[in-house]
Amino acid sequence: MTKQTLLLRDENERSASLLSHPTERIFQQITVYIRTAPINTYYQESIRRDIVQMLLDAEAHGQTAEAVIGADYRAFCDSVIAEVPPLTRQEQCLYGLRGVLLTAYFLIAYWLIPIIGQLQQSWPMMPVTTGNLVGAALVVLIMITLSLLTRYFSRSPLTQLYSSSMKVRLLFLPWFLLYLIASAFLRTTVFSVNFPAAVAVLTMLLLLHCWIDRQTD
């Protein structure tokens, strides 16, 4: 996410904190809906800025949120989103690549964490067990499933939702625990990997993911 978008998001959060509690709840619902729009994050934050300013102005004049945006906030949001350019092909590809890098990063990190205690026994080669492979297959499966579900239900790429929603990030926690359980009980070594090389790849994936994240809104 670019610095410009981050600053705009911070500005929106400060403005939202000035709303009354009932209006703030409505704005939170609007935010959740806007997050699912197939537009880049900068446009999402721009729409949020305009709406929160409208709500603040309405409250200053003694009006309710419904008086400004109507009873159906979804219809209001759709009318605004329709005026914004959708994600370009390049943006869609970058979001997809970011998702692949994120998945690969987590898979390698999941593999490294349980075996750190074994470094003295087999350095520099580290085993890849059946549990690692089973856990990796489960993680890839859930990533594909979540990607398809978010594309069908939310209209927005999974990695875009991941960056903007803590709830989406928490969806990955049970799968991380399941990976650790599989690694703990299925310990048959399938092959070995050079540990320093794995750390180097992990670092490269993280840096590349961060670079792409800064290029996309």
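The model is predicted, so local features need pLDDT of at least 70 and side-chain atom pairs count only at pLDDT 80 or more, while totals for chains, interfaces and linings use all residues. Residues are numbered from 1 along each chain as its sequence is written, and side-chain values use heavy atoms, with hydrogens and water left out.

The angle between α2 and α5 is about 45°, and their axes are 10 Å apart. Here axes are lines fitted to C-alpha atoms, for helices over the stretch in contact, and angles run from 0 to 180 degrees between N-to-C directions. Helices themselves are DSSP runs (H or I, at least four residues), numbered from the N terminus. The crossing of α2 past α5 is right-handed, with the near helix turned clockwise from the far one by less than a right angle. On the α2 side, Q29, I30, Y33 and I34 meet Y73, R74, C77 and D78 of α5, where contact means heavy atoms within 4.5 Å. This contact comprises five nonpolar residues, one polar and two charged; Ala, Val, Leu, Ile, Met, Phe, Trp, Tyr, Cys and Pro count as nonpolar, Asp, Glu, Lys and Arg as charged, and the others, Gly among them, as polar.

We can turn next to α1 and α3. Helix α1 (residues 3–16) packs against helix α3 (residues 41–60) at about 25°, with axes 9 Å apart. That angle makes α1 roughly parallel to α3. The crossing of α1 past α3 is left-handed.

What of the interior? The largest nonpolar core has 21 residues, and F27, I30, I47, I51 and C77 have the most contacts inside it. Such a core is a set of buried Ala, Val, Leu, Ile, Met, Phe, Trp, Tyr and Cys residues joined through side-chain atoms within 4.5 Å, buried meaning under 20% relative accessible area, exposed over 50% and partly exposed in between (1.4 Å probe, protein chains only). At least two residues of this core come from each of α2 (21–35), α3, α4 (65–69) and α5 (73–81). Leaving aside residues up to four places away in sequence, F27 touches A16, L19, R48, I51, V52 and L55. Another core, of 17 residues, lies apart from the largest one and includes I108, Y110, W111 and V128.

Finally, L208 sits in helix α12 (residues 195–215) and is partly exposed, at 36% relative accessible area.

Notes
Parallel < 35°, antiparallel > 145°, perpendicular 65-115°, else oblique.
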